[in-house]
Amino acid sequence: MSDLTASVLETKNGFHVDGYEKISYDFTFLDGVFDTKNRQLAECYHKWGRVLAVTDMNVYNMYGEQIEKYFEHYDLELKVHKTKIGEKAKTIPTFLSIVDSMTEFGIYRKEPVLVVGGGLVTDVAGFACAAYRRNTNFIRVPTTVIGLIDASVSIKVAVNYGNYKNRLGAYHAPMHTFLDFTFLRSLPKAQIRNGFAELIKISSCSHLPTFDLLDKYCEKLIDTGFGRTDGASDEVRDAADKINREGIHEMLKLETPNLHEIGLDRVIAYGHTWSPLHELVPKTPLRHGHAISIDMAYSATLANSRKLLSDEEHQRILTLFSRAGLSMDHHQFDEDILDKGTQAILKTRDGKLRAAVPNPLGSCTFLNDVDHAELSAALRRHKEIMKGYPRNGEGLEAFVDASDTGYTDNNQTEIEALEAAAEEAGNLNGSMDGTNVVHGGHVMNGHVNGVNGHVNGLKGHLIEEKLANGSTKGLTNGLTNGVNGFTNGAKA
C-alpha cells in the first residue's frame with residue numbers, strides 16, 4: 001500500500017512537480033498459514049468474501065485440498081488459477097493468462113490477488129497485478145527457499161524476454177507477505193540447495209555471522225529442509241530460524257532505502273552481473289541458485305586476484321559452495337558469454353559494471369575498472385582452480401526439472417505436437433532477439449507478432465490442431481502455459 005504527497009510549483013515556462021510516494025507493507029512469520037487455527041490470512045479477505053488465488057501446479061497438487069478447506073472454513077469463495085511455470089514459461093503468455101483470469105473473476109482494483117508459490121510464480125503474478133489497471137493489490141505466500149528468502153523481500157516483479165531474465169517488469173509492493181517455513185518440509189532437496197545460494201549471497205557480502213552459521217550447518221540445513229523435516233534437531237532448526245530471519249532482515253535493510261533501484265550500486269546484486277544472461281544459455285536452463293553461484297564463485301576469484309579477498313576467505317567461499325553442491329563453473333560460462341554478459345549488464349547499470357564482490361568476507365566492494373583482459377584472465381584462473389573441486393566445480397541437480405517447471409504431466413506426444421506446431425508457425429528455437437516460442441514443451445520467449453497467445457496471428461490454432469488427437473492438457477485459448485482459469489469456476 002502507498003500514500004502519495006506532492007507539490008506543484010509554477011515556473012517561468014511551465015510547472016515543476018515533486019512527488020513522494022510512501023510504500024508500506026508487512027511481513028508475518030507464520031508456520032501453518034493454511035491451518036484453520038490461523039485466521040490471519042483469511043482476515044485479509046473478510047471484507048471481500050472471496051479469493052482469487054494464483055499458484056503453480058506443483059503447489060496445488062500438494063496443498064490444493066488444504067487451501068480449499070482453509071477458505072471453506074472461513075466461508076470465503078475460492079477461485080484458483082493454476083499455471084505450469086518455469087524459467088522458460090516465465091513469459092508474456094503466462095502473464096496474459098493470469099490477466100485473463102483476473103478479468104473473468106471481476107477483480108476490484110483494491111481487492112488483493114493471493115499468490116502462492118515460488119519466486120517464479122510471485123514474479124509473474126506480481127507483474128500481472130502491477131499491470132492490471134496499473135495497480136492491483138496482491139498478497140504473497142512464498143513456498144520455496146528462494147521465494148521466502150529472496151523474492152519475498154523485493155518489490156520487483158517481472159517476466160523473462162529475449163533470453164534475458166526479468167527483462168520486462170515493474171516495482172510493485174504486495175500488501176502483505178506471509179512467511180511459512182513449513183513448506184520446506186515437502187520441498188525437494190534440489191530446491192533447498194537452490195535457495196541456499198541466496199543466503200550465501202547476502203551473508204558473504206553483508207552479514208558474516210550468517211555466513212558462519214551457513215558454514216557450520218551447511219549439509220544439515222540442506223538435508224533437513226532448514227530444520228523443518230521430521231527428525232531435525234532443535235539445534236539445526238534454531239540455527240535455520242536465525243539464518244532465515246537475519247537473512248531476510250539484512251536484505252530488507254539493504255533494499256528498502258532503494259526499492260526502485262534508483263541507486264545502482266547494490267550489495268544484493270552479488271552474483272547477478274553475468275548470471276542474468278548465462279542462466280538461460282544452456283538448452284535446459286540452470287536453476288537460478290546455480291547460475292548466481294557460478295557468478296559469485298567467479299567474482300570471488302576476481303576479487304582474490306585483486307587481493308580484495310584473502311586466499312583463506314576465497315577458499316572458504318568456494319568450499320562452502322562445493323559442500324552445498326552448488327555450481328561454481330559451467331562449460332558454457334566462457335569468455336564469449338562473459339563478454340556478452342558484461343555488455344548487457346552495462347546497459348542495465350547505466351554504463352558501469354558495478355560488480356559486487358566480497359571485500360573482505362562479510363563486506364562488499366563494487367568494481368568498475370575491470371577490462372576485458374582482466375576478466376578473461378580471472379576466468380582462466382578460475383577454471384584452473386575448479387579442476388581441484390568435485391565435478392570440476394559443476395553442481396548437483398543444477399538444471400531445472402519438473403520440480404521447477406510443473407511439467408510433470410507433459411507426455412512426449414504433447415511435446416512433439418507443441419514443437420511441430422511451433423515449427424509450422426516458423427518460430428521454433430529462435431535466437432537472442434526474442435523470436436522463440438516453444439522448446440521441449442515449454443514456452444520459450446512468449447507470444448510472437450501478437451498478443452493473447454497469438455502465434456503469427458493464428459491464436460494457437462496450429463497447436464490446438466496438433467493436440468486435437470492427444471491429451472487435453474496443455475493449451476487453452478492459444479495460451480502456451482497450460483491451464484488457464486479456475487478449478488472450481490467456469491473455466492477449466
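The chain exposes about 20,400 Å², and carbon and sulfur atoms supply 49% of that area. This is a predicted model. Buried residues make up 57% of the 492 residues in the chain.

**Confidence**
- The pLDDT averages 84 over the chain. A score of at least 70 is reached by 81% of the residues.
- Residues 406-492 are a stretch with pLDDT below 50. In the model, this stretch still has 190 contacts beyond near neighbours in sequence.

**Fold**
- The chain has 16 helices and 14 strands.
- Take the contacts in the chain with a separation of 6 or more: 75% of them join residues 24 or more positions apart.

**Nonpolar cores**
- The largest nonpolar core holds 68 residues. F196, L221, F226 and W274 touch the most other members.
- Helix α10 (residues 288-305) gives this core its largest share, nine residues.
- A second, separate core has 25 residues, including L52, F95, L120 and F138.

**Contacts of W274**
- Neighbours within four places in sequence are left aside here.

**Surface patch**
- V8, F15 and V17 form a nonpolar patch on the surface. Together they have about 340 Å² of accessible area.
- V17 lies in strand β2 (residues 14-23).
- V17 counts as exposed because its relative accessibility is 53%, and exposed means over 50%.

Terms used. Residues numbered from 1 in each chain as written. Predicted model: local features only at pLDDT ≥ 70, side-chain atom pairs only at ≥ 80, totals over all residues. Heavy atoms only, no water. Core = buried A, V, L, I, M, F, W, Y, C linked by side-chain atoms within 4.5 Å. Buried < 20%, exposed > 50% of the residue type's maximum accessible area, 1.4 Å probe, protein only. Helix = DSSP H or I, 4+ residues; strand = E, 2+ residues; numbered from the N terminus. Contact = heavy atoms within 4.5 Å. Patch = residues over 30% accessible without salt bridge, like charges linked within 9 Å, V, L, I, M, F, W, Y side chains within 5 Å. Areas by Shrake-Rupley, 256 points an atom, 1.4 Å probe, with all protein chains shown as cover. Salt bridge = Lys/Arg side-chain N within 4 Å of Asp/Glu carboxyl O. pLDDT = per-residue confidence, 0-100.
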